[in-house]
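Dear colleague,

Here is the structure I promised to pass on. My notes on it follow below.

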Amino acid sequence: MLMRTDPFREIDRIAEQFFGTTSRPAVMHLDAYRDGDHFYAAFDLPGVDPDSIDCTVERNVLTVRAQRRRPTGERVEMVAAERPMGTFSRQLFLGDTLDTDKLEAGYDNGVLTLRIPVAERAKPRRVTVTATGNGRKEINA
């Protein structure tokens, strides 16, 4: 039996994994950083309706979903359609050192910013060292 192969099929499959398709857009980009006692995650979501953004935390997994739709209507005629549309999704695994119960989210200028405080138990603390009469040290935490 003969099989016909398409040498470009594998290239297309790999490109779809990295760049997405119209039915499954590419991943949303993010910056994550710590500033003092807070951890920040900023997701690029330009053109996304804020009402379509869904942010959930289950155990230590943060999931962000958002949807971008094309304009629709009887009089709408698409001339160019290059921006990825559909549902975007991203998951982050958060450490136990973050207090997800106090997570705050804001959406401004196409950027979703999450602010998560560092848990009290994870913050650095000073340990008192005292000396006893015979030259031994006693450490109190």
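At 54% relative accessibility, Lys-102 is classed as exposed; the cut-offs are buried under 20% relative accessible area, exposed over 50%, and partly exposed in between (1.4 Å probe, protein chains only). Before the rest, two points on how to read the values. This is a predicted model, in which local features need pLDDT of at least 70, side-chain atom pairs count only at pLDDT 80 or more, and totals for chains, interfaces and linings use all residues. Residues are numbered from 1 along each chain as its sequence is written, and side-chain values use heavy atoms, with hydrogens and water left out.

Confidence

The protein chain has an average pLDDT (the predictor's confidence in each residue, from 0 to 100) of 81, and 74% of the residues score at least 70. Of its elements, helix α1 (residues 9-19) has the lowest mean, 61, while strand β7 has the highest, 96. Helices (H or I, at least four residues) and strands (E, at least two) are DSSP runs, numbered from the N terminus.

Salt bridges

A salt bridge here is a side-chain nitrogen of Lys or Arg within 4 Å of a carboxyl oxygen of Asp or Glu. The count by this rule is 2. In one of them, Lys-102 meets Asp-99 at 3.8 Å, N to O. Another joins Glu-104 to Arg-115 at 3.2 Å, N to O. This pair links distant parts of the chain, with Glu-104 in strand β6 (residues 104-108) and Arg-115 in strand β7 (residues 111-117), 11 residues apart. Glu-104 is partly exposed, at a relative accessible area of 43%, and Arg-115 is also partly exposed, at 28%.

Strands

Two strands are taken to pair if DSSP finds at least two bridges between them.

Phe-43 has Leu-112 as its bridge partner in β7, and His-38 has Pro-117. β2 is mostly covered, with 6 of its 7 residues buried.

β2 pairs with strand β1 (residues 30-35) as well, antiparallel over 6 bridges; here the bridge partner of Tyr-33 is Tyr-40 in β2. β1 and β2 form a hairpin with 2 residues between them, and Gly-36 in the turn has a positive phi of about 65°.

Regards
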